[in-house]
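Hi everyone, thanks for coming. I'd like to walk you through one structure today, a few residues and helices at a time. Let me put it on the screen.

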Amino acid sequence: LRLIYPEDSAHIERYLAFKAQNPGTKINHALVLGGPQGIGKDTILHPVRHALGPWNVSEVTPPIVLKKFNPWVKCVLAVVSEARDLGETDRFAFYEHMKVYTAAPPDVLEVDEKYLRQQSVFNVMGVVLTTNHRTGVIFLPTDDRRHFVAWSHVTRDQFPEGYWRDLYGWYDAGGTEHVAAYLRTLDLSDFDPKAPPRQT
């Protein structure tokens, strides 16, 4: 995390740690993790899924977010993968649609699952968007307070050969448990989940 997002790693770390320590509390903004392909944006989140329980993490794409059925909102953390330009109309629609998910109120969300009765769940979901595109991803007004945007300037060729194999080997050998323990014990006294994020 510190290698890929050196300037923003502290905030990202605290956001993820807060969800691990307080899964039932809403953070009033989303994370946007951007950067070139192959630098480990999804790899950062691999042990976080373990810390939260994989059943508490949903991975969706922007087109799925815009659909009527939304069972994924029952999770503790939603990862919106490969956020990209959806066309000028859908770009604004996506931002408006995500407002209800990135902050509270509302305190409850309506869940619409196919063939099931509509139900309500507490709005505690954290949101992380990942993207390979620096522009044209989602509409963000200049005074936006719902997103913390982190962009990495690291490129894939900066990682030595075998780096990812070794990292996932470490994860599989108990590293995910170490990361989960770190997130669950990190001092969060300086993190306010309701405060607007720093504009980047």
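Let's start at Thr102. Setting aside neighbours within four places in sequence, Thr102 is in contact (heavy atoms within 4.5 Å) with Lys26, Ile27, Asn28, His29, Ala30, Val127, Arg146 and His147. Thr102 sits in helix H4, residues 88–102; helices here are DSSP runs of H or I with at least four residues, strands are E runs of at least two, and both are numbered from the N terminus. Is Thr102 buried or exposed? Thr102 counts as buried, because its relative accessibility is 2%; buried means under 20% relative accessible area, exposed over 50%, and partly exposed in between, with a 1.4 Å probe and protein chains only.

A quick word on the model. It is a predicted one, where local features need pLDDT of at least 70, side-chain atom pairs count only at pLDDT 80 or more, and totals for chains, interfaces and linings use all residues. Residues are numbered from 1 along each chain as its sequence is written, and side-chain values use heavy atoms, leaving out hydrogens and water.

Now to helix H2, residues 41–52. H2 has 12 residues and spans 18 Å from first C-alpha to last, close to the 16 Å expected at 1.5 Å a residue, where the expected span is 1.5 Å times one less than the number of residues. Its buried residues are Lys41, Thr43, Ile44, Leu45, Pro47, Val48, Ala51 and Leu52. What covers them? The cover includes helices H1 (9–21) and H5 (163–185), along with strands E1 (30–34), E2 (57–60), E3 (77–80) and E6 (126–131). Just after H2, Gly53 takes a positive phi of about 95 degrees.

How do H2 and H5 meet? Their axes come within 8 Å and cross at roughly 50 degrees; axes are lines fitted to C-alpha atoms over the stretch in contact, with angles from 0 to 180 degrees between N-to-C directions. That makes H2 oblique to H5: under 35 degrees counts as roughly parallel, over 145 as roughly antiparallel, 65 to 115 as roughly perpendicular, and the rest as oblique. On the H2 side of the contact we find Thr43, His46, Pro47, Val48, His50 and Ala51, and among their H5 partners are Trp164, Tyr168, Tyr171, Glu177 and Leu183.

Let's zoom in on Glu177, which lies in helix H5. Glu177 is partly exposed, with a relative accessible area of 42%. Beyond residues up to four places away in sequence, Glu177 touches His50 and Tyr171. Glu177 and His50 are 127 residues apart in sequence, yet 7.6 Å apart in space, C-alpha to C-alpha.

H5 has another helix to meet. H1 and H5 pack at an angle of about 90 degrees, with their axes 7 Å apart, and that makes H1 roughly perpendicular to H5. Glu13, Leu16, Ala17, Ala20 and Gln21 of H1 make this contact with Tyr182, Leu183, Arg184 and Thr185 of H5.

Next, Phe191, in the segment after H5. Phe191 counts as buried, at 10% relative accessibility. Leaving aside neighbours within four places in sequence, Phe191 contacts His11, Arg14, Tyr15, Phe18 and Ile27. Phe191 and Phe18 are 173 residues apart along the chain, and their C-alpha atoms are separated by 8.2 Å.

One last stop: Ser81, in the loop between E3 and H4. Ser81 is buried too, at 7% relative accessibility.
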